[in-house]
Amino acid sequence: MTFFRAAVCAALFLAAFARALAAEDVTLSSPDGAVEITGTLLGFDGEFYRVQTQFGELTVDGSGVDCEGPGCPSLSGFVAEITLAGSSTMSEVLLPALIEGFALRNGYQTRREPLPQGNFSHVLLRGQQPAARFTFTASNTDAGFAALVADEADVAMALREIRPLERTAARAAGLGDLTGPGRSRVLALDAFVPVVAPGNPVREISLPQLAGVLSGRIANWQELGGPDAPVSLHMPVSGSGLAQAVEDKLMAPFGAGFSPQIRRHDRSSTLVRQVLVDPFAIGIASYAEKGAARMLTLTGPCGFSLQASRRAVKTEDYPLTVPMFLYLPARRLPKVARDFLTYVRGPAAQAVIRRAGFVDQAPELIPVSRQGSRFANAILAAEGKPGLDELQRLVTVLGGMRRLTASFRFEPGSARPDAQSRSNIEQLARALEAGEFDAKELVFAGFSDGVGPAEGNRQIALKRAGAVRDAVVKAAETADISRVQIRTEGFGEALPMACDDSAWGRQINRRVEVWVR
């Protein structure tokens, strides 16, 4: 395995190096001739040159230099080129819809141009003159990361977080840490859901049972309370971000592998059609593309019950949520690409995301009165009078407040927020900077798992709440924090989201929520 990692890193590095050698030489000179930079042109975004020199890679403002040499770009009729590679789920519907919305908002016309192997470009036009070209290389999340690392793409589209091997390869290729600030952002949310035909009598399934079904250990519907019939399994293709999310979030925590009997599908729509015509089939589908199939309710041995819904996915209360990531290089992107990335965070883009069937990132406030299923689960899990007393304290403290849909969780075995939470921290910081919470009270409420003494868990939860609060305040550099009343609370194990009988469930319960008055 070590040799394989080294070989992958070396191959990616050599590929990038070979492409650099194939580029053409340029000389950039200041008007007075006092400064002169010679090297290999790596790119030009209409404003800045990117040049590989003997001193390393330099980015130079084009307005202050003259360019000479065979590699110099034509400055008349410049067309910004942006290449996006990776998840076909994101490239088929979501991102084209966002580009159309961006174009409409900024006075561009658009033209779609087909390319070989099912790829395509969206060209932005000013009149009849092309101004920018967004080219999509649609395949899967693995290929998206490989293209970004090999400098064959400007943006990677991913349905999962970057994995350690990919992170190492990116470092080796000179891209730095792709988990660092500003290197990724969550565009929208999806989830993977177990689906069956509407006539299937089974209504619910636990996560251990679902892992058992996909591994082949549970092969008959009788074991799930259904008829005496073999289970037919359907999954997205291997290598797709959704399939890898199932592997990372469901199978790996339970130590299970996939059954060789699973039928794989390259599109969710095809998978759902197969499930609909087979009363003994179960499939893992995208929440956004579940169609007419019926979702199974998730249950736990401690009595928990949770159905996927837009709000449950948005708050990440539904445990099988899948963030849709854009991963970005450390280098400067063309201005139109930067403007597009700013647009996708705004309210107009969130409306486009909702219309496309995915779960948007626009913050919402949920009143206490809409927390029924969570409180019902908490009452079931409360142990004796101390547990009920803590739950009563929670209702007293948070009564009259509304919960923000952004939640914060942590990487396994770490105090570092996970990728979705890092995106939520930036989002909340921007809202503070915009004054959206001026004259309001924010409570960062920490929760823990149920392992250990209750008082110790309460203190751990309070410490986590303080850490998230500090991260948000630090990120909100231009906000006047004195205009907002901010405090922290720790409620320990009072409001669990999953059963504590597995490491996976305990990790889900360790979280921080934000409540607003």
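Predicted model: local features only at pLDDT ≥ 70, side-chain atom pairs only at ≥ 80, totals over all residues.
View 1. Ser240 lies in the loop that joins strand 13 (232-236) to helix 6 (241-251). With a relative accessible area of 13%, Ser240 falls under the 20% cut-off and is therefore buried. The side chain of Ser240 reaches back to the backbone oxygen of Val237, at 2.8 Å. Asp142 is 98 residues from Ser240 in sequence, yet the C-alpha atoms of Asp142 and Ser240 are 7.3 Å apart in space.

**View 2. Crossing of helix 5 and helix 6.** The axes of helix 5 (residues 207-215) and helix 6 come within 11 Å and cross at roughly 130 degrees. The crossing of helix 5 with helix 6 is left-handed. On the side of helix 5, the contact is made by Leu207, Leu210, Ala211, Leu214 and Ser215, and helix 6 contributes Val246, Leu250 and Met251. Sorted by class, the residues in this contact between helix 5 and helix 6 comprise 7 nonpolar and 1 polar, with no charged residues.

**View 3. Buried residues of helix 5 and the residue that follows the helix.** Leu207, Leu210, Ala211, Gly212, Val213 and Leu214 are the buried residues of helix 5. Of these, Leu207, Leu210, Ala211 and Leu214 also take part in the contact with helix 6. Gly216 follows helix 5 and has a positive phi, near 95 degrees.

Definitions and conventions. Residues numbered from 1 in each chain as written. Heavy atoms only, no water. Helix = DSSP H or I, 4+ residues; strand = E, 2+ residues; numbered from the N terminus. Buried < 20%, exposed > 50% of the residue type's maximum accessible area, 1.4 Å probe, protein only. Polar contact = N/O pair within 3.5 Å; in protein donor to acceptor, adjacent residues only side chain to side chain. Axes fitted to C-alpha atoms, helices over the stretch in contact; angles between N-to-C directions. Left-handed = near helix turned anticlockwise from the far one by under 90°. Contact = heavy atoms within 4.5 Å. Nonpolar A, V, L, I, M, F, W, Y, C, P; charged D, E, K, R; others polar.
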